[in-house]
Structures are given as structure tokens and as C-alpha cells.
Amino acid sequence: MASKTLMSVEEYLRTTFDDGDCEYVDGEIVERNVGKYSHSWIQKRLLAVLAPLEERLGIGAFQELRFRATSSRYRIPDIGVWRKNDLGAEVPSTPPLLAIEILSTDDRMSRVVLKVHEYLAVGVACVWVIDPEEAKAIIYSQKDREGTVSELLAMENPDIVIRLADVLPPA
């Protein structure tokens with residue numbers, strides 16, 4: 001949900017937002033929908049599953065780590081997975097290998113798809129969009145930009161496969 005607040009990149013990077021971090025899109029501050037139980041549950045479960053893979057795969061999985069997508073766009077995936085050697089800056093300028101977006105009840109799929117395509121355009125290899133209400137996931141990649149509904153959260157290089165059922169909140 002955009003609030004139409006305009007500011008410079010420098011001001012954005014110095015600002016602390018009262019209701020959680022916001023994204024920056026071409027001078028506009030864009031609020032993010034987070035904070036509900038199912039959203040938080042899935043983030044927690046994904047991080048718990050990804051953490052043991054970090055050392056073996058040479059990756060780092062981070063909740064809501066802002067990255068510089070372009071000179072005028074800063075995005076914040078719900079979870080981002082980077083190669084360890086692409087980390088180090090407080091705000092990475094290298095896109096994650098994997099961006100995970102968990103839908104909230106207030107999210108609009110049309111906006112999320114635009115974000116997915118932006119992620120792919122800046123070099124994100126794979127994007128998982130998880131819909132807790134529908135208990136489904138759509139997997140997008142450089143090879144499959146239209147996305148495929150799947151019960152497996154998967155990507156290649158590094159090979160990661162997680163059963164969607166293992167990260168959904170209990171019914």
C-alpha cells in the first residue's frame with residue numbers, strides 16, 4: 001500500500017519507519033503488509049529450515065533484509081537468501097539468489113507479480129510466493145517467469161527443496 005511520501009535515497013536510508021521498514025520505489029515510500037500470525041509463522045519456519053543449510057551451501061538466509069535493486073529502488077523480501085560472499089554491506093547491492101514473499105490478507109497479487117518480475121529483472125534467480133490462506137505457493141525463476149504452482153519450495157544452484165506443508169501454520 002503506497003503512502004505517496006516522496007524522499008531522496010539518502011533520506012530513505014537514514015529513516016526509521018514507525019510501522020516497520022518500508023520499500024523505496026523511485027522516490028516513493030511503499031509500505032509493506034506484515035505482522036499477522038500466519039505470515040510470521042511461515043517466516044519463522046522457513047528460517048528454521050534454511051539455517052542448517054547455510055554452512056553447507058555457502059548461503060545466508062535473512063528476514064526482511066533491505067537490498068539495493070537499482071539506484072532508485074530498494075526492496076525488502078520477507079526472506080532473502082544470498083551467497084555468503086555477496087554479503088557484508090549493511091544494505092547489499094547484490095540481489096539475493098532467492099527472494100521469498102509471503103502474502104498477507106491485504107496484499108494484492110497484481111502488485112506482488114510486478115515485484116516478482118522486478119526481482120527477476122535485477123538478477124534474482126528464484127522467487128517463492130507463498131499464500132497462507134490458500135495453502136499454496138507459486139515458484140518463479142529465470143527459466144519460468146510466469147510461475148508454477150507447487151507443493152515444493154525449490155530452487156537450483158544451490159539446490160534447496162522444502163515441502164510447503166512443512167512451513168505452513170497448523171490448521
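This report describes the nonpolar cores, backbone features, pockets and selected contacts of a predicted model.

## Basis of the description

Because the model is predicted, local features are reported where pLDDT is at least 70 and side-chain atom pairs count only at pLDDT 80 or more, whereas totals for chains, interfaces and linings use all residues. Residues are numbered from 1 along each chain as its sequence is written, and side-chain values use heavy atoms, with hydrogens and water left out.

## Nonpolar cores

In soluble globular proteins, nonpolar side chains tend to be buried together. A nonpolar core is taken here as a set of buried Ala, Val, Leu, Ile, Met, Phe, Trp, Tyr and Cys residues joined through side-chain atoms within 4.5 Å, where buried means under 20% relative accessible area, exposed means over 50%, and partly exposed lies in between (1.4 Å probe, protein chains only). The largest such core has 25 residues, and those with the most contacts inside it are L46, L50, I100, W128, I130, L153 and I160. Two or more residues of this core come from each of α2 (37-50), β4 (59-63), β7 (79-83), β8 (98-102), β9 (126-131), β10 (136-141), β12 (152-155) and β13 (160-163); helices (H or I, at least four residues) and strands (E, at least two) are DSSP runs, numbered from the N terminus. A second, separate core of 15 residues has L65, L103, V112 and V124 among its members.

The surroundings of I130 can be listed in terms of contacts, meaning heavy atoms within 4.5 Å. With neighbours within four places in sequence left aside, I130 is in contact with I42, L46, I100, E101, I102, L103, K136, A137, L153, L164 and L168.

G60 is placed in strand β4 and counts as buried, at 3% relative accessibility. Its C-alpha atom is separated by 5.3 Å from that of W82, 22 residues apart along the chain, and, leaving aside neighbours within four places in sequence, G60 is in contact with E54, G80, V81, W82, K84 and L87.

L57 lies in helix α3 (residues 54-57) and, not counting residues up to four places away in sequence, touches P158, D159 and I160.

## Backbone features and cysteines

Most residues other than glycine have a negative phi, and most peptide bonds are trans. In this model a cis peptide bond joins N157 and P158, with omega about 10°, and P158 has its place in the loop between β12 and β13. N157, found in the loop between β12 and β13, has a positive phi of about 55° although it is not a glycine, and counts as exposed at 56% relative accessibility. A135 lies in the loop between β9 and β10; its phi is near 55°, a positive value in a residue other than glycine, and A135 is partly exposed, with a relative accessible area of 44%.

With a disulfide defined as a pair of cysteine sulfur atoms within 2.5 Å, the count comes to zero disulfides. C22 is buried, with a relative accessible area of 7%, and C126 is buried, with a relative accessible area of 3%.

## Pockets

Pockets are found on a 1 Å grid over the protein atoms alone, as open sets of points where a 1.4 Å probe fits, with protein on both sides within 12 Å along at least five of seven lines, and lining residues have an atom within 4 Å of a point. Grid points are joined across faces, edges and corners, and a volume is the space filled by probe spheres set on the points. The largest pocket holds about 520 Å³ of space, and of the 26 residues that line it, the closest to its centre are E23, V30, R75, R111 and K115. At least two lining residues are supplied by each of β2 (23-25), β3 (28-30), β6 (73-75), β8 and α4 (109-121), with the largest share, five residues, coming from α4. The lining divides into 10 nonpolar, two polar and 14 charged residues, where Ala, Val, Leu, Ile, Met, Phe, Trp, Tyr, Cys and Pro count as nonpolar, Asp, Glu, Lys and Arg as charged, and the others, Gly among them, as polar.

The second largest pocket holds about 270 Å³ of space, and its lining includes R83, L97, A125, C126, I139, A154 and N157. Both β10 and β12 supply at least two residues of this lining, which divides into six nonpolar, three polar and three charged residues.
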